Amino acid sequence: VVTSRLPVNDLQQRYGDGRAESLSYNDVAIWVPDNRNPGAVNYPSSTPDIQKEFAITGFQDLDRSSFSDALNERLQLVGPSKTVFVFVHGYNVPYSNGVYRIGQLVADFEADAVPVHYSWPSEGHKLSYLYDRDSVQFSRDGFVDVLVQISESEADSIFIMGHSMGTLLVMEG
């Protein structure tokens with residue numbers, strides 16, 4: 001995950017809706033339960049049930065160089081296509097929800113690619129459309145920086161998916 005959000009003191013969210021001046025890089029492991037309908041993201045409750053609910057099972061902060069190293073290591077483990085799948089979440093999405101969504105997409109599509117989630121600072125509220133739109137504009141340079149970094153990796157191709165307002169960020173980038 002690469003994000004332009006400010007960190008928070010919440011182990012479930014890790015990042016809030018504030019706008020950071022520099023990018024943060026994370027290596028996040030996600031548990032995707034087998035017992036769910038395709039397309040569904042069963043968000044964790046206060047006492048997660050791993051039989052039914054998603055969970056973050058590992059989290060490590062990285063710097064820019066370590067992110068590139070991890071990306072290249074994982075590209076060696078995917079099929080011969082060496083594809084990076086970049087997902088950009090939409091409007092009204094907290095940090096962890098975007099992380100769970102990319103896990104769902106990779107699992108359901110059995111994607112033979114290295115997933116990278118770009119998380120821009122959505123306020124995560126239905127009434128915050130204007131804040132989110134402005135956050136997309138704020139995040140454009142960081143998103144472009146990430147795409148350039150990925151293009152300089154050992155990837156042969158980059159597949160980018162923007163959802164909802166995330167498509168505005170993809171288009172602007």
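**Entry 1: F59.** I began with F59 and left aside its neighbours within four places in sequence; F59 is then in contact with R14, Y15, N26, D27, V28 and Y95. Contact here means heavy atoms within 4.5 Å. I note that this is a predicted model, in which local features need pLDDT of at least 70 and side-chain atom pairs count only at pLDDT 80 or more, while totals for chains, interfaces and linings use all residues. Residues are numbered from 1 along each chain as its sequence is written, and side-chain values use heavy atoms, with hydrogens and water left out.

Where does F59 sit? I found F59 in strand β3, residues 55–62. Strands (E, at least two residues) and helices (H or I, at least four) are DSSP runs, numbered from the N terminus. Is F59 buried, partly exposed or exposed? F59 has 23% relative accessibility, so I wrote it down as partly exposed. The cut-offs are under 20% relative accessible area for buried and over 50% for exposed, with partly exposed in between (1.4 Å probe, protein chains only). I also looked up F59 against I30: they are 29 residues apart in sequence, and their C-alpha atoms are 9.1 Å apart in space.

**Entry 2: positive phi.** R14, one of the contacts of F59, belongs to the loop between β1 (2–7) and β2 (15–31). The phi of R14 is near 70°, which is positive in a residue other than glycine. R14 is partly exposed at 22% relative accessibility.

K82 is in the loop between α1 and β4 (83–88), and K82 is partly exposed at 22% relative accessibility.

**Entry 3: L75.** L75 lies in helix α1. With a relative accessible area of 0%, L75 is buried. Which residues does L75 touch, leaving aside neighbours within four places in sequence? I found K82, T83, V84, V114, S153, E154 and A155 in contact with L75. L75 and A20 are 55 residues apart along the chain, and 28 Å separates their C-alpha atoms.

**Entry 4: α1 and α3.** Two packed helices are described by the angle between their axes and the distance between the axes. I looked up helix α1 (residues 64–75) and helix α3 (residues 129–151): their axes come within 10 Å and cross at roughly 45°. This makes α1 oblique to α3. On this scale, under 35 degrees is roughly parallel, over 145 is roughly antiparallel, 65 to 115 is roughly perpendicular and the rest is oblique. The axes are lines fitted to C-alpha atoms, for helices over the stretch in contact, and angles run from 0 to 180 degrees between N-to-C directions.

The crossing of α1 past α3 is right-handed. The contact is made by R64, F67, S68 and L71 on α1, and by D145, Q149 and I150 on α3. I sorted the contact of α1 with α3 by class and have three nonpolar, two polar and two charged residues. Ala, Val, Leu, Ile, Met, Phe, Trp, Tyr, Cys and Pro count as nonpolar, Asp, Glu, Lys and Arg as charged, and the others, Gly among them, as polar. A crossing is right-handed if the near helix is turned clockwise from the far one by less than a right angle, and left-handed if anticlockwise.

**Entry 5: salt bridges.** Side chains of opposite charge can pair when their charged atoms come close. How many salt bridges are there in the whole structure? The search finds six. A salt bridge is a side-chain nitrogen of Lys or Arg within 4 Å of a carboxyl oxygen of Asp or Glu.

One of them joins R64 and D145, at 2.8 Å from N to O. R64 is in helix α1 and D145 in helix α3, so the pair ties together parts that are 81 residues apart in sequence. R64 is partly exposed at 34% relative accessibility, and D145 is partly exposed at 29%. Apart from neighbours within four places in sequence, R64 is in contact with Y25, D145 and Q149.

I noted two further pairs. D134 meets R133 in a salt bridge at 3.5 Å, N to O; D134 is partly exposed at 37%, and R133 is partly exposed at 36%. R140 forms a salt bridge with D141, with the closest N and O atoms 3.9 Å apart. R140 is partly exposed at 28%, whereas D141 is exposed at 58%. Salt bridges that share partners join R140, D141 and E172 into one network.
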